[in-house]
Amino acid sequence: MTSTAIAVEGVVRDFATGRGVLRALDGIDLAVASGETLGVVGESGCGKSTLVRIMLRLIPPTAGRVRLLGEDVTDLPESELRSRRRHLQAVFQDPVSSLNPRLTVRDIVAEPLRRLCVGRNAMWDRVREVLLLVGLPTDAGGRYPHAFSGGQRQRIAIARALAAEPRVLICDEATSALDVSVQAQILNLLADLQQRLDLAVMFVSHNLGVVRHVSHRVAVMYLGRIVELGSDAAIYGRPAHPYTKALVAAVPDPMMVGSPEPPLRGEVPSPLNRPSGCHFHPRCPLASDRCRKEAPILMPFADQHAVRCFHPG
Ligand SMILES: Nc1ncnc2c1ncn2[C@@H]1O[C@H](COP(=O)(O)OP(=O)(O)O)[C@@H](O)[C@H]1O
Ligand code: SF4
Ligand SMILES: [Mg+2]
């Protein structure tokens, strides 16, 4: 049986800027179950990190709700959030800025445990256990972050995230700064840990190939909206939205099935100046008059596969 670990409903986020209100997210609905990895993919600026920050309760949504383990946490005060945070952890792109250079690895990984009332022996046992779990050498605990490579630093960040046994792990571009071979090692580690620990993982990246490596389901975002949501097989094997088709066709992977698609025309429009109707119409090879006037909604297309397009397929 699967149960929803984290969910957002109708999430909207506006930012006030000098040039007007920027709508970074425009009605996002998503749920991640325990034991699954949901990939979230889309070009830079489509709102991925804003969604992550809202789910982590680092910033509030303008509208909509966030639910963690069945509880609505949208308006919980910080004092009450503290006890929930152990269930929800994150790994970001840049481990250098998130790891305090003056602390040993042991102390960094122990951080989330200090806030729980565990005894010292139990805490250091858990630190050793979790360092082993992420594949770091046994003497890593006594060293400082600068002594490690980029990939190993990301292992330290993962160890810290998992120390207090969270139920949900959110990774925002967690492998994007790494070399390709190191990236593959970290992706394999995340996939392995997700299974062994029955974690709900949301894996966010601009890189479709990377998302494919770890995800069971994938949400494709464009200008603050989900344009396609489906299983890994549906998104990569039978993409139905013209945007997804173009992204999938651009992934350099000989295993990829499907007919060749024309490359994406043009740049992503600014969220300050979103096109009328379907936001994708200026770049879409299938755009009709209707697409320029009316905005499609996310509709069921096949089993467990939804598409926001008037002409899917
Ligand atoms: N604090 C902020 N103030 C104003 N605009 C912001 C802020 N944070 C993000 N944005 C804008 O929101 C949009 C989405 O950004 P982001 O969520 O970082 O996208 P992604 O992670 O997909 O690259 C971008 O246009 C970005 O410039
Ligand atoms: S609704 Fe129209 S413009 Fe938008 S993706 Fe579908 S075909 Fe293209
Ligand atoms: Mg981002």
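Select ligand 1 together with serine 49, and you will find an oxygen atom of the ligand 2.9 Å from a polar backbone atom of that residue, a polar contact in the sense of a pair of N or O atoms within 3.5 Å. This is a predicted model, in which local features need pLDDT of at least 70 and side-chain atom pairs count only at pLDDT 80 or more, while totals for chains, interfaces and linings use all residues. Residues are numbered from 1 along each chain as its sequence is written, ligands are numbered from 1 in the order in which they are written, and side-chain values use heavy atoms, with hydrogens and water left out.

Then show the side chain of threonine 50, which places an N or O atom 2.6 Å from an oxygen atom of ligand 1.

Now widen the selection to the shell of 13 residues that surround ligand 1, each with a heavy atom within 4 Å of the ligand. Colour α1 (48-55), a helix taken as a DSSP run of H or I with at least four residues, since α1 gives the most to this shell, with four residues.

Finally, move to helix α6 (residues 150-162) and helix α7 (residues 180-196), whose axes come within 10 Å and cross at roughly 20°; the axes are lines fitted to C-alpha atoms over the stretch in contact, with angles running from 0 to 180 degrees between N-to-C directions. That angle makes α6 roughly parallel to α7, a term that applies to angles under 35 degrees.

How values were computed
Polar contact = N/O pair within 3.5 Å; in protein donor to acceptor, adjacent residues only side chain to side chain. Helix = DSSP H or I, 4+ residues; strand = E, 2+ residues; numbered from the N terminus. Parallel < 35°, antiparallel > 145°, perpendicular 65-115°, else oblique.
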